[in-house]
Amino acid sequence: MRLKNSLLLLLTATIWGVAFVAQSAGMDYVGPFTFNCARCLIGALVLVPLIVAMDRGKRRQKEVPAENKKVLILGGICCGLALFLASNFQQFGIQYTTVGKAGFITACYIVIVPLLGLFFGKKCSPLIWGAVVMAVVGLYMLCMTGGSGGINRGDLLMLVCAVLFSVHILVIDYFSPMADGVKLSCIQFLVAGVLSGLFGFLFEEPKLSQLLAAWVPVLYAGVMSCGVAYTLQIVGQKGMNPTVASLILSLESSIAVLAGWFLLGQQLNAKEITGCVIMFGAIVLAQVPVGSKRENTVAEN
């Protein structure tokens, strides 16, 4: 089960890594709030047929488990609010800082998650803390490759984004065992999409022609990055230590660089390749089981 969940989270990181291309292209046509509104609402719509089909299948097999709708709705709202804040801080922050610094600062959630988790009784084994240190080193070598200057407004926005994505991971960790993952994901997209739309109408001038011009990146971000990847995140995080989950998801940065290498012909230097190798090493280390049964229990609780 743990290996299956890890593979689901790795697939999530892969989709998100490639989605950086779509997000960058989409910003050429529409504003951040409008882009996130469109992608989240598309993500919610994509999941509706899946939810209907799953419910019909359960009824046919007479397997309709009791569902706490209050927990489902509350969890969807909380996840959606965290996603709305994190994704929009990210979109705005990218406009004021370099891509390398944005990738490194955002991926700092791999450090923030275990730190925040300590306040909620989430303990980690020494191996996981070692993997966190390796991941930070790898991300630094991968992303901080040029002379990018000091901290600016964009860097601060991205730091807030990293904290909010950490909160999003912990909120999912709390609600995912108690609710259907697909339904929870659908509600979070609806909440994030509606909130982004409201702010888009208040602070931007969304036009249908702009959305149609950006239909390819918006559709990829909506169907794959939202509808598929965020749902895989919720399903994959069930029973997973949130720190381990954040480590796997942080591969998004490495995959984004690799996607640029293969799809756009962007070359990696020796430092960047070394960073990728260290990142993958951190993920492997995080998956190594702790020796005793008691230590395993501590690592997973």
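**Exercises on a cavity and its aromatic pairs**

The lining of the largest cavity receives at least two residues each from helix 1, helix 3 (69-94), helix 7 (153-175) and helix 10. Helices here are DSSP runs (H or I, at least four residues), numbered from the N terminus. The model is predicted, so local features need pLDDT of at least 70 and side-chain atom pairs pLDDT 80 or more, while totals for chains, interfaces and linings use all residues. Residues are numbered from 1 along each chain as its sequence is written, and side-chain values use heavy atoms, without hydrogens and water.

**Exercise 1.** State which residues lie nearest the centre of the largest cavity.

*Solution.* A cavity is a set of points on a 1 Å grid over the protein atoms alone where a 1.4 Å probe fits but cannot get out; lining residues have an atom within 4 Å of a point. The largest cavity has 15 lining residues, and Trp16, Gln90, Phe165, Tyr230 and Glu252 lie nearest its centre.

**Exercise 2.** Describe the aromatic pair of Trp16 and Tyr230.

*Solution.* Rings of Phe, Tyr and Trp (its six-membered ring) pair if their centres lie within 6.5 Å; planes under 30 degrees apart are stacked, over 60 edge-to-face, and the rest tilted. The whole structure holds 7 aromatic pairs. Trp16 and Tyr230 form a tilted one, 4.7 Å centre to centre with 55° between the planes. Trp16 lies in helix 1 (residues 2-26) and Tyr230 in helix 10 (residues 215-236), so the pair ties together parts 214 residues apart in sequence. Both Trp16 and Tyr230 are buried (under 20% relative accessible area, with exposed over 50% and partly exposed in between; 1.4 Å probe, protein chains only).

Terms used. 1 Å grid on protein atoms, 1.4 Å probe; cavity = no way out; pocket = protein on both sides within 12 Å on 5 of 7 lines; lining within 4 Å.
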